Amino acid sequence: MRAIKDAVHDYVEVEGAARDLLDTRAVQRLRHVKQLSTVRLVYPSANHTRFEHSLGVYHLARRALTHLGVDGARAEAVQAAALLHDVGHGPYGHQTEPVIERRLGRHHDEVDELLTEGEIAAVLESHGLDPGVVADHVAGEARLGQLVSGELDVDRMDYLVRDAHHTGVPYGTIDPGRLVRTLTFVDGDLALAEGNVPSAESLLVARALMNATVYRHHVSRIAGKTLERASERLLDETDLDAETFARLTDDELLATLREHPATEDAARRLTDRDLFKRAAWLELDDVPESVRAMDHAETREAERTVADRAGVDGREVLVDCPGEPSMPESGTTVVVDGQPRTLHEQSPLVEGLQAAQRAQWRMGVYAPERHREAVREAATAVLGLDEEAAVATG
């Protein structure tokens with residue numbers, strides 16, 4: 001057994017297949033992929049990695065399985081999935097995920113190829129584990145896979161408390177120890193046992209507050225959109241293939257962006273934190289439904305049209321329109337008076353938090369400081385935005 005000191009969970013004890021998986025290249029690569037990607041441009045101490053997070057998820061999975069009375073090979077397969085759940089992430093994690101999905105047609109938790117071939121498969125098989133079953137657990141399939149990917153998964157329990165710790169904000173300070181001790185299964189679905197509605201609500205509140213103050217901070221969003229567009233140009237204008245791109249680390253991607261004329265300015269902006277500014281910043285009700293419904297191709301076309309109208313380079317306009325607000329955790333199953341109920345049926349907090357999400361939603365149009373006014377005027381005309389509502393500062 002190996003004991004590893006962790007900033008959040010103290011000592012994490014790693015044994016069996018997980019211990020051998022630690023030394024695989026795919027897992028060690030996660031030391032070089034930051035958990036919060038561009039959020040660290042807002043919160044300087046948010047430099048923790050997906051390797052740390054993966055250890056935390058493994059630790060909480062072990063505790064949950066012990067509580068649920070699951071042991072042997074079944075437990076070891078889930079523990080392996082918990083440790084491996086992020087190996088499918090590309091550089092900068094979620095910030096490049098849309099690029100990878102468009103190019104390769106897969107989500108980061110679709111890891112069958114990574115787990116069923118090569119080094120990881122050999123380690124799993126040497127411990128009597130089926131790589132396909134472990135991959136299914138990573139994707140949240142089957143009963144025990146819900147622990148790794150589901151509405152009550154140990155993944156979000158770890159990242160909420162870990163991200164709060166490293167950013168220094170108090171909003172994600174849930175109690176994962178209590179949460180894992182209250183887990184149960186009801187008709188095959190993972191649920192929280194009787195008397196734990198407040199525990200489920202704590203996840204909702206933590207996620208909502210972290211979204212508003214950390215995950216969707218406008219500086220991180222601008223940097224993320226800059227990185228996404230630069231990554232697209234890199235794949236369009238060089239011979240770098242998408243599979244190789246998806247396995248780069250953060251530093252390798254940034255270095256590669258610096259090497260090419262089409263992306264070197266974006267790399268400089270990210271390195272120097274010399275980011276675009278908000279030319280427009282609008283609330284949900286101020287954005288036409290047709291704009292909110294734009295797909296990627298339509299968004300890229302809108303950027304080019306706005307740039308042409310403003311008389312600026314096409315790379316100097318970024319349109320950032322998030323999807324409709326959602327709260328998947330509200331579907332968490334909780335036991336109340338002996339009966340399973342969904343949290344949104346039981347908790348009056350859900351409706352208020354959903355309203356808060358809608359109030360906090362923003363669409364952004366970003367451009368260099370010197371072009372903000374021209375781009376704002378062009379964007380309001382092209383996208384049918386209210387000019388007074390679109391005004392943004394900073």
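1. Terms for packing. Contact means heavy atoms within 4.5 Å. Axes are lines fitted to C-alpha atoms, for helices over the stretch in contact, and angles between N-to-C directions run from 0 to 180 degrees. Helices (H or I, at least four residues) and strands (E, at least two) are DSSP runs, numbered from the N terminus.

2. Basis of the note. The model is predicted, with local features requiring pLDDT of at least 70 and side-chain atom pairs counted only at pLDDT 80 or more, while totals for chains, interfaces and linings use all residues. Residues are numbered from 1 along each chain as its sequence is written, and side-chain values use heavy atoms, with hydrogens and water left out.

3. The sheet. Three strands form an open, antiparallel sheet in the order β5-β9-β6; two strands count as paired if DSSP finds at least two bridges between them. Strands β5 and β6 (318-320) each have a single partner and stand at the edges, so one side of each lacks a neighbour in the sheet. On average, neighbouring strands are turned by 15° against each other, direction ignored. The antiparallel pairing of β5 with β9 (residues 362-367) runs over six bridges, and R362 in β9 has E283 opposite.

4. Helices on the sheet. Helix α13 (residues 218-237) packs on the sheet and touches β5, β6 and β9. The direction of α13 makes about 120° with that of β6. Helix α21 lies across β5 and β9, at about 35° to β5.

5. Salt bridges. Side chains of opposite charge can pair when their charged atoms come close. A salt bridge here is a side-chain nitrogen of Lys or Arg within 4 Å of a carboxyl oxygen of Asp or Glu, and by this rule the count is 33. One network of salt bridges links R102, K225, E228, R229, E232, R300 and E303.

6. R229 and E228 form a salt bridge, with the closest N and O atoms 3.4 Å apart. Buried means under 20% relative accessible area, exposed over 50%, and partly exposed in between (1.4 Å probe, protein chains only). R229 is buried at 3% relative accessibility, and E228 is buried at 7%. In the pair R300 and E303, the closest N and O atoms are 2.5 Å apart. R300 and E303 lie three residues apart in helix α18 (residues 296-310), a separation of about one helical turn. E303 is buried, at 1% relative accessibility.

7. A pair in α21. Which side chain meets that of E373 in a salt bridge? It is that of R376, with an N to O distance of 2.8 Å. Both residues belong to helix α21 (residues 372-383) and stand three residues apart, about one turn of the helix. R376 counts as buried, at 6% relative accessibility. An α-helix has 3.6 residues a turn, so residues three or four places apart point the same way.

8. Helix α20. The expected span of a helix is 1.5 Å times one less than its number of residues. For the 12 residues of α20 (residues 349-360) this gives 16 Å, in agreement with the 16 Å between its end C-alpha atoms. The buried residues of α20 are V350, L353 and Q357. Down the axis of α20 these buried residues fall within an arc of 65°, so they line one face of the helix; the arc is that of the directions from the helix axis to the C-beta atoms. Their cover includes α12 (197-215) and α19 (343-346).

9. Helix α7. In α7 (residues 118-126), the buried residues are I120, A121, V123 and L124. They cover an arc of only 160° around the axis, which puts them on the same side of α7. G118 and S126 are exposed on the other side. The buried residues of α7 pack against α1 (16-21), α2 (25-28), α4, α6 (112-116) and α8 (131-138). After α7 comes G128, with a positive phi near 75°.

10. Y92 is not a glycine, yet has a positive phi of about 60°. Y92 sits in the loop between α4 (72-84) and α5 (97-104) and is buried, with a relative accessible area of 7%. R273, also a residue other than glycine, has a positive phi near 55°. The loop between α16 (264-272) and β5 (277-283) holds R273, which is partly exposed at 43% relative accessibility.
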